[in-house]
Every structure is written in C-alpha cells, then in structure tokens.
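Take a walk through this protein chain. Keep the sequence and the 3D view side by side as you read.

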Amino acid sequence: MEFGFGFIGLALLILVVLLILVSCVKIVPQAQAMVVERLGAYLDTWEVGVHFKTPFIDRVAKRVILKEQVVDFPPQPVITKDNVTMKIDTVVFFQITDPKLYAYGVENPIMAIENLTATTLRNIIGDLELDQTLTSRETINTKMRAALDVATDPWGIKVNRVELKNIIPPAAIQDAMEKQMKAERERRESILKAEGEKKSIILVAEGKKQSAILDAEADKQTAILHAEAEKERRIREAEGQAEAILKIQQANADGIRMIKEAGADSAVLQLKSLEAFAKAADGKATKIIIPSEIQSIAGLVKSLAEVSDSKE
C-alpha cells in the first residue's frame, strides 16, 4: 500500500517537473519580440525563434509587436493664428524599433503619443491662419512627423507618417466658405459664358469676313473672265473686219490688174475708181468728194447713154 502511494507521488512529481520545463520553453513568432527580466531586472530581448528561461527567476516582462501600427486619435480642438477654433483628428503610423526602450521608456506609449500629437498640432496650427491651415496639409504632416519622430526616439518608437484625417472648422466658417465657393463658381460660370459668347461673335465675324473675301474674289474672277471674253470678242471682230478689208482690197487689186491686162484706158480706170468710191461710202457717208476727172467721165457716160436712148 505504501509502495502504491509512493509511485503516485513520484508520478505527480515527474508531471510537475515536466510542466515546469514546458513552461520555460518560449517560441517568439515572426515580427514580435519578448523582453525578459531576471529577478526584476532586464535580462535580454528575445527575437524570432525558440528560447528557454530559468524557472522561477526569469519571466517575460513584455511582448512587443514590431510591425507598423496605426493609431487614429479623436479630433483635437486647435486655435489658428487668426483666432479661429477648429477640430482636427490625426492618424499616426509608427513602428517599435527598440523593444527594451519601448518597455522601459514610458509608462503608456500610446497615450504619450496621443498627448504629444495634440500639443505638437496646437503649436503648428497656432502659427498658421485659417486659409493656410486648409491648404497646407502636406506641410503640417511633415512638421508633425519630424517633431514626433524626435520626441519618441527615446521610447524606441519611430514615427513613419502623420496624416490629418479631418479638418472641421466652425459651422459659421463652413457656411461662409460654402457661400464663397458658390460665388466663385458663379463667377467662373459667368466668365466662361462671356468667353464663349465672345468666341462665337468672333467666329461669326470671321465667317462673314471670309464670305465677303470669297465673294469679292468671285466677282473679281467673273469680271476678269467677262473682260477676257469681251477682249477676245473684239479681237475676233477686229480680225474679221481686217480680213474683210483685206479681201476687198485684194479683190479691187485683182480687178484693176485684170483691167490693166485687158488694155483698158484711163477712163475705164477712173470709172472703176468711181465704183470703188461708191462701195467705200456704202450708204454710210452723206457726202462723197469725187475728183474732177472722174466727174467729167461720168458726164460723158451720161451723154452717151442719152444718145443711145434717142437712137432707139
């Protein structure tokens, strides 16, 4: 009976020892670290892997996440340089770089970062006016990140980015801004409308100008064509008249040559000249001056004609 109780006690003792040994084995996951203390004093920082601690005298004081973390702080009231009170909420992106400093540097790191963010934001906004605050987000973000990074370095924290999430001005300021934006939009609309009308008038005037130029060019071309046609007609008419005169003169010359070849005397030649004068008049002249020699021959012809008539 005593042997049975002794065996059970030994088994329990072995079980307790195994449990203690198992509890002394620590596995550190990826992107985490453990701060280990021995008898209340800092001993070591365990990184990724399997680690063993001494039973009863070593303990894990703090588990630290090494990944980048995001903290969204509630809106903080701030006052601008021109005495406008507004609320701004910020988002801070930070990462723990030294687990030891993070464990022993400050009691509550998140609360410390929040308070530090609020005071830094008030200092920066206090040097800016309302319009500058609304249009200088990037500048404010850069200044806050630089200030927070320096302040949190002794805590083993690195501030990567700071973003202004919302800037909430007072309701009266929002109404004034909306009215100003509405007036600005209406002004731009009026300007665009006026510019459109101006361009339309210019285009219409340009169109009329081009149309007038084209009409003038068309009239000019028409006049030139008419002038060339009239010129061509007159040239052809003159050429026809010249050709007709040339033919008449040629015919007269041929007639005179034939009379000469036939041995006609001067009287016949003078009669032919008379006929030429008659043709030259052609009924268009009211008076024809005839040489005396031709007049005498004409009288002789008339006398011969009368004698011939009496004989008959």
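Leu-13 is exposed, at 51% relative accessibility. Here buried means under 20% relative accessible area, exposed over 50%, and partly exposed in between (1.4 Å probe, protein chains only). Everything here comes from a predicted model: local features need pLDDT of at least 70, side-chain atom pairs count only at pLDDT 80 or more, and totals for chains, interfaces and linings use all residues. Residues are numbered from 1 along each chain as its sequence is written, and side-chain values use heavy atoms, with hydrogens and water left out.

Leu-13 sits in helix H1 (residues 2-23). Helices (H or I, at least four residues) and strands (E, at least two) are DSSP runs, numbered from the N terminus. Together with Leu-10, Ile-14, Val-17, Leu-18 and Leu-21, Leu-13 makes a nonpolar surface patch of about 550 Å². Patches are made of residues with over 30% relative accessible area and no salt bridge; like charges are joined within 9 Å, nonpolar side chains (Val, Leu, Ile, Met, Phe, Trp, Tyr) within 5 Å. In soluble globular proteins, nonpolar side chains tend to be buried together.

Now step back to the whole chain. The protein chain has 8 helices and 9 strands. Of its 312 residues, 19% count as buried. Accessible areas come from the Shrake-Rupley method with a 1.4 Å probe; for residues, only the protein chains shown count as cover.

Which residues have the most contacts inside the largest nonpolar core? They are Ile-88, Leu-121 and Ile-140, in a core of 28 residues. S8, helix H3 (109-125), helix H5 (137-152) and S9 each supply at least two residues of this core. A nonpolar core is a set of buried Ala, Val, Leu, Ile, Met, Phe, Trp, Tyr and Cys residues joined through side-chain atoms within 4.5 Å.

Look at Leu-121 from inside. Setting aside neighbours within four places in sequence, Leu-121 is in contact with Val-78, Ile-88, Thr-90, Ile-140, Met-144 and Leu-164. Contact means heavy atoms within 4.5 Å. Across the protein chain, take the contacts between residues at least 6 apart in sequence: 62% of them join residues at least 24 apart.

Turn next to the strands. S2 (32-38) runs antiparallel to strand S3 (residues 41-46), and 5 bridges join them. Two strands pair if DSSP finds at least two bridges between them. Met-34 stands opposite Trp-46 in S3. S2 and S3 form a hairpin with 2 residues between them. Leu-39, in the turn, has a positive phi of about 55°.

Most residues other than glycine have a negative phi, and most peptide bonds are trans. Ala-31 has a positive phi, near 60°. It lies in the loop between strand S1 (25-28) and strand S2. Asn-83 also has a positive phi near 60°. Its place is the loop between strand S7 (76-79) and strand S8 (85-96). Asn-83 is exposed, with a relative accessible area of 65%.

Finish with the charged pairs. Side chains of opposite charge can pair when their charged atoms come close. The rule for a salt bridge is a side-chain nitrogen of Lys or Arg within 4 Å of a carboxyl oxygen of Asp or Glu. By this rule the count is 12 salt bridges. One of them joins Lys-165 and Asp-72, at 2.9 Å from N to O. Lys-165 lies in strand S9 (residues 157-168) and Asp-72 in strand S6 (residues 69-72), so this pair ties together parts that are 93 residues apart in sequence. Lys-165 is partly exposed at 44% relative accessibility, and Asp-72 is partly exposed at 43%.

Glu-230 and Arg-234 form a salt bridge, with the closest N and O atoms 3.1 Å apart. Both lie in helix H6 (residues 171-261), 4 residues apart, about one turn of the helix. Glu-230 is partly exposed at 29% relative accessibility, whereas Arg-234 is exposed at 54%. Glu-237 and Arg-233 form a salt bridge with the closest N and O atoms 3.2 Å apart. This pair in H6 also has a spacing of 4 residues. Glu-230, Arg-233, Arg-234 and Glu-237 are linked in a network of salt bridges.
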